Amino acid sequence: MSKYLLERKQLIHGDISTVFGFFENPHNLRQITPPWLNFRVQSASDEVVRQGTRINYTIRWLGLPMRWDSLIAQYENGVAFADQMVRGPYKSWYHTHEFTEVPDGVRMTDRVVYEMPFGWLGRMVHALIVRRQLDAIFQYRASKIVRVLHPSAANPR
């Protein structure tokens, strides 16, 4: 069993309540997800995430429709939360979002620990496709977060 780690840090100009508040709304995830994934929130048990919130999504990966059900496994208001895949394309997926106030805004750290299904075949698909796609997804997210939460930084005059 091979576990993988994906970690990204990003400085977001803004105050902690605005930045954390944006990520607390499960429907905002669609705004920062690449269109080629055709991401849709099907349902969320709460308007804003909290410990125990359940969120059901659909995505398209390589044209194939997939369900993804998540549980908010950890939650500390204004500090961090973690979503755990309950059902979806990975053998396991645990994504921690941490928010730290810094002098220029908020440092957000995404840390994902995940496993591929299907043994050696899953490891091969990870090496050939999945890792690059995850990097592209998180790069897209980083640029989109700047445009959504700090539009003047994305479009300097």
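## Phe23 and its surroundings

Leaving out neighbours within four places in sequence, Phe23 is in contact (heavy atoms within 4.5 Å) with Ile12, Ile32, Phe81, Phe99, Met108, Arg141, Ile145 and Leu149. This is a predicted model, where local features need pLDDT of at least 70 and side-chain atom pairs count only at pLDDT 80 or more, while totals for chains, interfaces and linings use all residues. Residues are numbered from 1 along each chain as its sequence is written, and side-chain values use heavy atoms, with hydrogens and water left out.

Is Phe23 buried or exposed? Its relative accessible area is 9%, so Phe23 is buried (under 20% relative accessible area; exposed is over 50%, partly exposed in between, with a 1.4 Å probe and protein chains only). Phe23 lies in helix H1 (helices are DSSP runs of H or I, at least four residues, and strands are E runs of at least two, numbered from the N terminus).

Let's look at helix H1 next. The contact between H1 and H2 is made by Val19, Phe22 and Phe23 of H1 together with Arg141, Ile145, Val148 and Leu149 of H2.

## A look at Ser70

Now for a residue in a strand: Ser70 is part of E4, which covers residues 64-76. Ser70 counts as buried because its relative accessibility is 2%.

Which residues does Ser70 touch, not counting those up to four places away in sequence? They are Thr53, Arg54, Ile55, Tyr57, Asp83, Gln84, Met85 and Val86.
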